[in-house]
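Subject: Structure handover

Hello,

Here is the structure for you to look through. Please open it first, then read my notes below.

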Amino acid sequence: MKPKEENNQITNNRRDFIKTTAVAAAAFMIVPRHVLGRGFIAPSDRLSVAGIGVGGKGRSDIAMFAKSGKADISFLCDVDTRRAADSVKAFPKAKFYKDWREMLDKEHKNIDAVSVSTPDHNHAIQALAAMQLGKHVYVQKPIAHDIFEARILTEAAKKYKVVTQMGNQGASNDGTRIMKEWYEAGLIGDVHTIHAWTDRPVWPQGIPWSANNATVPTELDWDLWLGTAPFKEYVNKLVPFNWRGWWDYGTGALGDMGCHLLEAPFSVLGLQYAKDVQCSVGSVYVDEFQRGYFPESCPPSSHVTLTFPKTSKTKGDVKVHWMDGGIQPERPDELAPNEIFGDGGNGTLFTGTKGKMMCDTYGLNPRLLPLSKNENLKVAKKYARVDGGAEGHYKQWVEAAIAGYGKTELSSPFEVAGPLTEALLMANLAVRGYDVIREELGEEVYPGRSAKLLWDNNAMKITNFDEVNQFVKRDYREGWKALTL
């Protein structure tokens with residue numbers, strides 16, 4: 001099977017068309033439905049939303065926008081009509097498209113905002129196209145597949161003055177705000193170490209790519225699903241979920257859970273960009289003393305350590321330890337033997353000079369350690385809560401988009417979500433570097449397995465191990481233009 005070149009060939013024309021029509025379109029938009037230029041919305045209490053990727057998480061996302069009572073789900077787009085079926089049934093008045101480029105070309109005048117809930121490798125190109133049309137965007141976590149894309153989206157939010165939100169809904173829970181209040185009240189002193197862990201992946205990783213090509217389901221446009229990724233023949237059990245474990249499409253457990261588990265440390269401590277990273281990863285042995293080598297697949301487990309520079313909220317550098325695949329840090333001494341660490345499989349632990357605190361996934365259930373410290377605890381409420389917590393995350397974005405750029409505070413705008421995403425993707429540089437082979441003196445060596453990678457944030461590159469810089473900015477498949485502002 002060959003790629004559908006005709007679909008790819010129209011990409012450039014469509015993207016160019018989008019850019020040249022954006023200004024003209026704004027001039028002809030009619031209130032109350034349309035955005036009046038970048039960053040401004042007509043005086044209306046309703047938002048016209050288009051969903052790109054409307055099955056699975058995309059289905060629940062647009063349902064939550066509709067539940068806000070202030071959004072109309074006007075357009076649906078998905079490359080797989082099987083996955084889109086429930087959303088099509090739920091929103092019968094919404095017009096359906098398979099190709100997001102066609103939808104934006106034809107309907108941009110009737111769209112105020114776009115929700116992106118597709119595999120990681122297509123997040124950035126879809127989100128940026130919408131932003132360049134002046135559309136507000138809600139993008140599932142992580143907002144991008146590689147560091148360059150995340151940086152571009154962060155800058156685009158400012159340039160195009162659109163309201164942005166990443167889909168790490170736990171950022172709107174009370175937990176992070178409570179821990180900020182505890183920390184700023186000095187209850188645990190100066191935090192210098194963070195541990196975050198997850199029992200994911202819950203999909204296959206550390207495996208070879210299937211050698212058995214399969215027939216593409218008639219309901220799926222495989223070429224559009226691949227999008228920016230290199231062309232490969234269709235295989236079973238990749239779509240709709242297991243793509244997360246393959247580097248061409250996903251970002252592993254880090255991309256899946258990191259935005260939920262590390263959001264609290266970023267918010268509490270004001271973390272931004274890491275300065276170095278190192279890791280170790282789990283091995284898969286295919287025979288006696290024969291270690292498997294599967295560089296296309298994320299590893300079954302990893303332990304990554306990132307160093308973040310001093311912030312206005314810390315007295316020195318902060319070490320962040322990430323563990324996945326069921327690996328957990330040592331239980332703190334302050335936790336009784338039978339007390340649950342995190343939520344059992346996932347959690348985040350803050351270690352300070354005067355004490356410790358931890359929380360579950362999504363920043364839920366924050367508590368000081370030992371747990372006895374939480375009895376009769378009284379700390380002044382300093383930060384406003386988001387009505388509805390995690391569910392309110394969606395309504396918060398809808399209302400902010402209606403109000404217009406810069407008018408309303410958000411829990412995870414790209415100015416916050418961008419650096420958080422970059423940290424996770426920088427961690428993945430170390431993980432991917434673990435499989436880089438270099439030939440020295442006629443022998444194959446793996447230099448990334450014993451290296452601390454040093455990061456130049458302004459240049460966006462690792463300075464002491466150039467081979468991993470290929471993963472900072474990947475090349476898009478022919479026919480898909482590289483991101484530019």
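A charge sits over a ring if NZ of Lys or CZ of Arg is within 6 Å of the ring centre and within 35 degrees of the ring normal. K473 lies over the face of F148, at 4.3 Å from the ring centre.

Some ground rules. This is a predicted model, where local features need pLDDT of at least 70 and side-chain atom pairs count only at pLDDT 80 or more, while totals for chains, interfaces and linings use all residues. Residues are numbered from 1 along each chain as its sequence is written, and side-chain values use heavy atoms, leaving out hydrogens and water.

Aromatic pairs

A pair of aromatic rings is described by the distance of the centres and the angle of the planes. Here, rings of Phe, Tyr and Trp (its six-membered ring) pair if their centres lie within 6.5 Å; planes under 30 degrees apart are stacked, over 60 edge-to-face, and the rest tilted. The whole structure holds 15 aromatic pairs.

Take W197 and F341. Their ring centres are 4.3 Å apart and their planes meet at 35 degrees, so this pair is tilted. W197 is in strand β7 (residues 191–197) and F341 is in the loop between β12 (318–324) and β13 (347–352), so the pair ties together parts 144 residues apart in sequence. Helices (H or I, at least four residues) and strands (E, at least two) are DSSP runs, numbered from the N terminus. Both W197 and F341 are buried. Buried means under 20% relative accessible area, exposed over 50%, and partly exposed in between (1.4 Å probe, protein chains only).

Now W222 and Y234. Their centres lie 5.1 Å apart with planes at 90 degrees, so the pair is edge-to-face. W222 lies in helix α8 (residues 222–226) and Y234 in the loop between α8 and α9 (252–261), so the parts tied together are twelve residues apart in sequence. Both W222 and Y234 are buried. Ring pairs also link W209, W222, W225, Y234, W246 and Y249 into a cluster.

Helix α6

F148 from above belongs to the buried residues of α6. Helix α6 (residues 147–160) has 14 residues. From first C-alpha to last it reaches 20 Å, close to the expected 20 Å. The expected span is 1.5 Å times one less than the number of residues. Eleven of the 14 residues are buried, so α6 is largely enclosed by the rest of the structure. Its cover includes α5 (120–131), β6 (164–166), α12 (414–433) and β18 (453–456). Just after α6, K161 takes a positive phi of about 50 degrees.

Two buried loop residues

Q140 lies in the loop between β5 (136–139) and α6. At 5% relative accessibility, Q140 counts as buried. Its side chain joins that of D61 through a polar contact of 2.9 Å. A polar contact is a pair of N or O atoms within 3.5 Å; within protein, one must be able to donate a hydrogen and the other to accept it, and residues adjacent in sequence count only if both atoms are side-chain atoms.

T361 is in the loop between β14 (356–359) and β15 (367–369). T361 has 5% relative accessibility and counts as buried. The side chains of T361 and D343 make a polar contact of 2.8 Å.

Best wishes

Methods. Contact means heavy atoms within 4.5 Å.
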